[in-house]
Amino acid sequence: MPIPDDIDTPAPSVVFSTLASQRRRLVLRELLDGEQSVTSLAQKIASEKSDSEPRRIYAQLHHSHLPKLEDSGFVSVEDGIITLACHRETIEPYLILAERYDSSDE
């Protein structure tokens, strides 16, 4: 899927560094369906991971993953609501590629 020329795309090094974390990729995949609160996202991730607690995931999102995603220009967080800040067309090809490798590891 080609990336349209009129969309500002982060540098490849920024994209790959940001998407190196499976948790950040999961956050972006969830946001493709629309904005979410940090709390609901943490609960959703915890429900999918049997060994995780929502409070711990919330802390990881708040202190590590969301700042990295914001700094990279992929998301915006305001009043506890996470919104995709880049165009879907910008991020989706990278997520599809990463998903192929994630599923081949299983």
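Student: In which hand does helix 2 pass helix 3?

Tutor: Helix 2 passes helix 3 in a right-handed crossing. Bear in mind that this is a predicted model. Helix 2 covers residues 22–31 and helix 3 covers residues 38–48. They pack at an angle of about 115°, and their axes lie 11 Å apart.

Student: Which residues make the contact?

Tutor: Helix 2 brings Arg23, Leu26, Val27 and Glu30. Helix 3 answers with Leu41, Lys44, Ile45 and Glu48. By class, the contact holds 4 nonpolar, no polar and 4 charged residues.

Student: Why are helix 3 and helix 4 called oblique to each other?

Tutor: Set the angle against the cut-offs. The axes of helix 3 and helix 4 (residues 54–71) cross at roughly 120°. Roughly perpendicular runs from 65 to 115 degrees, and roughly antiparallel starts over 145. Helix 3 and helix 4 are therefore oblique. The two axes come within 8 Å, and this crossing is right-handed.

Student: What makes up the contact of helix 3 with helix 4?

Tutor: From helix 3 come Val38, Thr39, Leu41, Ala42, Gln43, Ile45 and Ala46. From helix 4 come Pro54, Ile57, Tyr58, Leu61 and Leu66. The classes are 10 nonpolar, 2 polar and no charged residues.

Student: What makes Lys44 and Glu30 a salt bridge?

Tutor: The distance. Their side chains meet at 2.9 Å, N to O, and the limit is 4 Å. Lys44 sits in helix 3 and Glu30 in helix 2, 14 residues apart, so the pair links distant parts of the chain.

Student: How do you know whether Glu30 is buried or exposed?

Tutor: Glu30 has a relative accessible area of 11%. Buried means under 20%, so Glu30 is buried.

Student: And what is Lys44 called, on what value?

Tutor: Lys44 stands at 34% relative accessibility. That falls between the 20% and 50% cut-offs, so Lys44 counts as partly exposed.

Student: How many salt bridges does the structure hold?

Tutor: There are 3. One of them joins Arg29 and Glu99 at 3.3 Å, N to O. Arg29 is in helix 2 and Glu99 in helix 5 (residues 88–104), 70 residues apart. Glu99 has a relative accessible area of 43%, so Glu99 is partly exposed.

Student: What makes Glu92 and Arg88 a salt bridge, and where do they lie?

Tutor: Their side chains meet at 3.4 Å, N to O, within the 4 Å limit. Both lie in helix 5, 4 residues apart, about one turn of the helix. Arg88, at 37% relative accessibility, counts as partly exposed.

Terms used: Residues are numbered from 1 along each chain as its sequence is written. This is a predicted model: local features need pLDDT of at least 70, side-chain atom pairs count only at pLDDT 80 or more; totals for chains, interfaces and linings use all residues. Side-chain values use heavy atoms; hydrogens and water are left out. Axes are lines fitted to C-alpha atoms, for helices over the stretch in contact, and angles run from 0 to 180 degrees between N-to-C directions. Helices (H or I, at least four residues) and strands (E, at least two) are DSSP runs, numbered from the N terminus. A crossing is left-handed if the near helix is turned anticlockwise from the far one by less than a right angle, and right-handed if clockwise. Contact means heavy atoms within 4.5 Å. Ala, Val, Leu, Ile, Met, Phe, Trp, Tyr, Cys and Pro count as nonpolar, Asp, Glu, Lys and Arg as charged, and the others, Gly among them, as polar. Angles under 35 degrees count as roughly parallel, over 145 as roughly antiparallel, 65 to 115 as roughly perpendicular and the rest as oblique. Buried means under 20% relative accessible area, exposed over 50%, partly exposed in between (1.4 Å probe, protein chains only).
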